[in-house]
Amino acid sequence: MASEDRERLGAVLEALPPGALLQSPDDRVLAVNQKFVRMFDLAGRADLSPGAPVRPLLPLVRAFFTADHTGPHALDGLPAHGRIHRVAEIPLDDGRVIRREVEPLRHEGAYLGALWLFDDISERKRRERDLERDNLALTELARQRNAFTAAASHELRTPLSSISSFCELLTDPAFGELTEDQRSFLDAIGRNAGRMQRVISDLLLTTRMRAAGPQLEFGPVDVDRMLEDAVLDRIGTGREPGVFTVVDCAPGPVLRGDRHRLRHVLVNLLENAAKFTPPDGRITVTAAPRGDHWEIEVADTGIGIPEQYREEIFTGFVRAPNAQHGGYPGTGLGLAISRTVVQLHGGTITAGGREGEGAAFLIRLPVAGPGPDAPAPAPAAAAAAAAAARGTATGEAPA
């Protein structure tokens with residue numbers, strides 16, 4: 001090899017991040033870099049000049065291996081086994097871990113030797129061990145948290161059921177007439193007991209979702225009817241005075257989804273809208289097919305959501321500052337559950353609106369449902385031409 005070519009080769013090897021040894025076809029040194037020399041403390045202990053035999057290096061390199069190392073040895077079997085690509089991770093006595101890689105060199109079918117690379121991966125292996133340990137600890141903490149949440153939720157359900165039952169009994173005329181104040185007190189007790197029941201249900205659902213994910217039952221969903229049921233459900237549980245709700249659903253194809261879970265999402269959005277909307281405010285629910293998706297929007301005239309929190313509020317137990325400081329009750333679980341359910345349908349849910357003027361949540365759901373095997377949806381335009389427009393408006397009387 002010409003002196004100029006040898007210098008170029010040496011410069012290339014020195015530029016490589018790992019230690020490197022270039023072996024000739026006849027088991028001799030062509031070139032090494034200083035990282036390889038330092039890695040195995042070979043300076044002055046071995047002949048590394050071009051043309052020197054490689055085999056005397058074997059015991060010097062092996063001396064660094066741990067005594068119990070049973071994996072493939074670096075530089076073993078030269079040159080017969082140097083013609084295949086090989087990789088091994090080798091622990092050293094000083095605690096380092098070396099990744100050894102053999103790359104055969106060929107040109108037009110001729111074997112030209114092999115490039116041996118020795119990379120110190122000790123820090124990476126340490127991080128991997130730390131990450132594995134942390135993951136195990138987090139898994140155990142998550143298991144304990146889920147077990148505690150489930151146990152606490154079940155323990156709270158029994159007394160709350162008794163409270164709700166006795167509230168209903170006390171309103172029975174058979175137990176005597178109640179004064180206006182007494183009825184007001186019982187309404188407050190029943191209303192807060194119902195709120196606690198919903199919090200417990202959210203906690204239990206969150207626990208199940210963390211453990212195995214919610215079990216969805218897909219089937220045909222009439223979007224118009226689902227919206228109407230969701231609004232009626234919310235009216236039956238809500239007590240926000242003077243909040244008016246309007247539903248406007250355009251005709252469109254039947255949606256493939258879990259009707260119960262999707263209605264739960266809508267009820268949650270409606271309850272949030274009513275909670276954050278002042279008396280005489282307005283909630284507007286609009287739905288229409290857009291291409292192969294249904295778009296459903298729940299908008300209100302309430303306090304709105306700060307722009308920087310419009311993504312963060314979909315994280316469990318996270319609430320925007322104006323909701324926390326405004327004295328509005330809540331756990332921050334509803335939106336996290338809603339996003340999970342929507343995503344399992346192959347859809348998206350995003351938050352919009354303007355702070356101080358109202359919030360708007362937009363749900364996009366594929367008509368065919370999730371998965372590549374879902375049937376192709378009927379064209380929205382054809383369905384619209386075949387159906388008549390329908391709309392629903394409902395109002396809530398002041399409590």
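Predicted model: local features only at pLDDT ≥ 70, side-chain atom pairs only at ≥ 80, totals over all residues.
Visitor: In what order do the five strands of the open sheet lie, and which strands are at its edges?

Guide: The five strands follow the order β2-β1-β5-β4-β3, and their pairing is antiparallel. The edge strands are β2, residues 29-32, and β3, residues 86-91, each of which pairs on one side only. Neighbouring strands in this sheet are turned against each other by 20° on average, with direction ignored.

Visitor: How many bridges join β4 to β5, and which residue stands opposite Arg99?

Guide: In a regular strand, side chains alternate between the two faces of the sheet. Here β4, residues 97-107, runs antiparallel to β5, residues 110-120, and ten bridges join the two; the residue opposite Arg99 is Asp119 in β5.

Visitor: Which strands does helix α1 lie across?

Guide: Helix α1, made of residues 3-15, lies across β1, β2 and β5, and it runs at about 50° to β2.

Visitor: Which residues touch the most other members of the largest nonpolar core?

Guide: That core has 41 residues, and Leu227, Ile296, Phe361 and Ile363 are the ones that touch the most other members. Among the elements that give two or more residues to this core are α6, β7, β11 and β12, while α7 gives the most, with eight residues. A second, separate core has 24 residues, including Phe40, Leu42, Ala88 and Trp116.

Visitor: What does Phe361 touch, leaving aside residues up to four places away in sequence?

Guide: Phe361 touches, among others, Leu269, Ile296, Val298, Ile313 and Thr350. Thr350 also stands opposite Leu362 in β12, where β11, residues 348-354, and β12, residues 358-366, pair in the antiparallel sense over seven bridges. The hairpin of these two strands has three residues between them, and there Gly356 takes a positive phi near 90°.

Visitor: Where do Asp27 and Asp280 lie, and is each of them buried or exposed?

Guide: Most residues other than glycine have a negative phi. Asp27, however, has a positive phi near 65° and lies in the loop between β1 and β2, whereas Asp280, with a positive phi of about 70°, lies in the loop between α7 and β9. A residue is called buried under 20% relative accessible area and exposed over 50%. Asp27 therefore counts as buried, because its relative accessibility is 11%, and Asp280 counts as exposed, because its relative accessibility is 70%.

Definitions and conventions. Residues numbered from 1 in each chain as written. Heavy atoms only, no water. Pairing = 2+ DSSP bridges. Helix = DSSP H or I, 4+ residues; strand = E, 2+ residues; numbered from the N terminus. Axes fitted to C-alpha atoms, helices over the stretch in contact; angles between N-to-C directions. Contact = heavy atoms within 4.5 Å. Core = buried A, V, L, I, M, F, W, Y, C linked by side-chain atoms within 4.5 Å. Buried < 20%, exposed > 50% of the residue type's maximum accessible area, 1.4 Å probe, protein only.
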